[in-house]
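Okay, thanks everyone, let's get going.

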Amino acid sequence: MRPVDPVAIVALRRLHTAGLRLVLASNTKTEQDRRLALRRAGIEDVFKVVLQSAQLGVAKPAPIFYRMVIAAAGCAPERILFVGDNMAGDVVGPLGQGMSAALVRPDGLGPGEVLPGGAKMIRHVREVGFPGHNGDHH
């Protein structure tokens, strides 16, 4: 597992400290465990739940995977901001389940990609803000 970006560590800690519930939802291979990288980065504790496809037996973009995310977040889907770098798995899938989505792309959209309505694009996870500053996203 590659190490967690130090700037992302600061951003995730900030979101957690602000009272947002963070859920890691990742497609993984059988031998992968994202919790090891989180532990090494000292941020395993900021995530309420870590959902990994290899352990669950289902992966993004399967609708049931997103239902597991919603259950883990413990709130209505419209209160969830799904953040990731994959258009199908991290934007289209979550939008289809009623969540908001932010596509992380340092270099913008790729050739032929179109950002779906209702999604936003950010260059880094540090750009995830505090909606209303009252924890209305998880």
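Which residues does Ile43 touch, not counting residues up to four places away in sequence? With that exclusion, Ile43 touches Val4, Ile9, Leu12, Arg13 and Leu38, where contact means heavy atoms within 4.5 Å.

Quick housekeeping. This is a predicted model, so to speak of local features we need pLDDT of at least 70, side-chain atom pairs count only at pLDDT 80 or more, and totals for chains, interfaces and linings use all residues. Residues are numbered from 1 along each chain as its sequence is written, and side-chain values use heavy atoms, with hydrogens and water left out.

Back to Ile43. It belongs to the largest nonpolar core, which has 19 residues. By nonpolar core I mean a set of buried Ala, Val, Leu, Ile, Met, Phe, Trp, Tyr and Cys residues joined through side-chain atoms within 4.5 Å; buried is under 20% relative accessible area, exposed is over 50%, and partly exposed is in between, using a 1.4 Å probe and protein chains only. The members that touch the most others are Leu12, Leu22, Leu38, Ile43, Val46, Phe47 and Val128. Two or more residues each come from helix H1 (6-17), strand E1 (22-26), strand E2 (47-52) and E4. H1 gives the most, with five residues. Helices and strands here are DSSP runs, H or I of at least four residues and E of at least two, numbered from the N terminus.

There's also a second, separate core of 13 residues, including Leu51, Phe65, Ala72 and Ala73.

Phe65 takes us to the rings. Rings of Phe, Tyr and Trp (its six-membered ring) pair if their centres lie within 6.5 Å; planes under 30 degrees apart are stacked, over 60 edge-to-face, and the rest tilted. That gives two aromatic pairs. Phe65 and Tyr66 are edge-to-face, 6.0 Å centre to centre with 85 degrees between the planes. Tyr66 and Phe82 have centres 5.7 Å apart and planes at 70 degrees, so that pair is edge-to-face too. This one links distant parts of the chain: Tyr66 sits in helix H4 (residues 63-73) and Phe82 in strand E3 (residues 81-84), 16 residues apart. Together Phe65, Tyr66 and Phe82 make one aromatic cluster. Phe65 is buried at 0%, Tyr66 at 0% and Phe82 at 7%.

Now, is Lys60 buried or exposed? Buried, because its relative accessibility is 14%. Lys60 lies in the loop between helix H3 (53-56) and H4. Leaving aside neighbours within four places in sequence, its contacts include Phe65, Tyr66 and Phe82.

Last stop, the sheet. Three strands form an open sheet in the order E3-E4-E5, with parallel pairing; strands pair if DSSP finds at least two bridges between them. E3 and strand E5 (119-122) are at the edges with a single partner strand each, so one side of each has no neighbour in the sheet. Four bridges join strand E4 (residues 100-104) to E5, and Leu103 stands opposite Met121 in E5. Helix H5 (residues 87-96) packs on the sheet, touching E3, E4 and E5, and its direction makes about 165 degrees with that of E4. For that angle, axes are lines fitted to C-alpha atoms, for helices over the stretch in contact, and angles run from 0 to 180 degrees between N-to-C directions.
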